[in-house]
Amino acid sequence: MDINNGDEEEFEFSRNYFLAKESSGKKSTRKISDIDLVDEQELRAAVANIEPKHEKETIALVNSYKKLYPRWVFELRCGFGLLMHGFGSKKALIESFASTALAEYPVVVINGYLQSINLKQVMITLAEVWWDQLKTRQRTSSRILQKVQQPFNSRSVDDLLAFLDKSEAEENDSFICVVIHNIDGPGLRDSESQQYLARIASCSNIRTIATVDHVNAPLLWDKKMVHTQFNWYWYHVPTYAPYKVEGIFFPLILAHSNTSQSAKTAAIVLQSLTPNAQSVFKILAEYQRSHPEEGMPFDNLYTISRERFLVSSQVTLNSHLTEFKDHELVKTRRRSDGQDCLYIPLTNDSLEKLLSEINQ
C-alpha cells in the first residue's frame, strides 16, 4: 500500500513538472502600451519637490572641500590632473572651484553627460583660447606668429595637439584648465574619445579636472593613460547632491513626454549656460517666432549679437553655437536659396512656452 502511494506521488510530481513546462511556453498578451504612464513633467515636478535630507551636513561637507582649493591649484601647477569621484553631483563643486581658485586661468568646459560631443571642435576651441592667451600676454615671437596664420578649424587633429603641446609661455604655470563633467558619460564612453581626451590632457599647456560617477569608469583607461597622459590625482568628494542637470538628458522610464516638457527641458539646459549665451539663444528664438518657416542666417545672428554687445567676434558666437548644438538646442538646415541657417527644433507652442520660461 505504501509503495502504491509513493508511485502516485512521483507520477503527480512528474505530471505537474511537464504541465508547468507547457504553460511556460505561452506568450503573454500584455503590452507596454497598456501601462498607465504618468506625465513626465508631473513626475519631474514631484521629484523636484522632494525635501532634501541632512541639508546642514551636506553643506558642511561641501564647504570642507573648499579648504582643499589651494592644494588642488598647486597640484594642477605641478602637472597633475584632478579626478573627482564619489556619490552625488560634483558639477556645482567643480564650477565653484573653477570660478574662484582658477580665475586667473582660462577654463574650457566639456559636458560629458551629453549624448554626443564633438571633440574636434573642443580642440579647435582650446587652440583658439591658447592663441589668444599668447597674443594677450605678448609671449609670441614674430616667427611663431607666421606659423599660426592658418585657421585652426582647417587644421588636423595632430596639428592642433602639437600646437597645444608647444611650450611658448615664459612661466611654467601658464595653462588652460579643461573641466570635464562626467568624463565617463555617454558621449565620451567609447575608446576613441578617451584616447583623444588622454592626448589632450598630456599636452604641456593643458590641465584637466574631471568627474566620474560610473562604478566601472576606471576600466576606460589603461596604465599609460592613467599614470602618464591623464596623470590622475584621485579625490573622493561625495556631495550627495541630486543629479539635476546630468539627469535631465535621460528619459524617465515610467513617464511620457509632451510639448510643455520639451520646453521645460530646454529651459533647464539654458539655465546652466552663461547669461550671454542665453541672450544669443533668445535672439534666435524671437527670430524663429516671427519667421517660423525659415531659419536665421549666421550673419544676421552675428550682427544682432554684436550690436547688443553679446559677442566680440565670430569665434565667440561659434563657441555659443557649438554649445547649443551639443545640447541639441539648435540645428542647421539649408534654405531653398542654398544658404545654411540656424533653427531651434521645437514646435511653435513649445517655443512660446520656452520664451515665457526664460523671460521669467
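By class, four nonpolar, four polar and one charged residues make up the lining of the largest cavity, where Ala, Val, Leu, Ile, Met, Phe, Trp, Tyr, Cys and Pro count as nonpolar, Asp, Glu, Lys and Arg as charged, and the others, Gly among them, as polar. The model is predicted, with local features requiring pLDDT of at least 70 and side-chain atom pairs pLDDT 80 or more, whereas totals for chains, interfaces and linings use all residues. Residues are numbered from 1 along each chain as its sequence is written, and side-chain values rest on heavy atoms, without hydrogens and water.

A search of the whole structure found one cavity of 30 Å³ or more, a cavity being a set of points on a 1 Å grid over the protein atoms alone where a 1.4 Å probe fits but cannot get out, with lining residues having an atom within 4 Å of a point.

Three strands form an open antiparallel sheet in the order S8-S10-S9, pairing being assigned where DSSP finds at least two bridges between two strands. Strands S8 (296-297) and S9 (331-334) stand at the edges with a single partner strand each, so one side of each lacks a neighbour in the sheet. S9 pairs with S10 (residues 340-343) over four bridges, and Cys341 in S10 is the bridge partner of Arg333.

The structure holds zero disulfides, defined as pairs of cysteine sulfur atoms within 2.5 Å.

Notes
1 Å grid on protein atoms, 1.4 Å probe; cavity = no way out; pocket = protein on both sides within 12 Å on 5 of 7 lines; lining within 4 Å. Points joined across faces, edges and corners; volume = space filled by probe spheres on them. Helix = DSSP H or I, 4+ residues; strand = E, 2+ residues; numbered from the N terminus.
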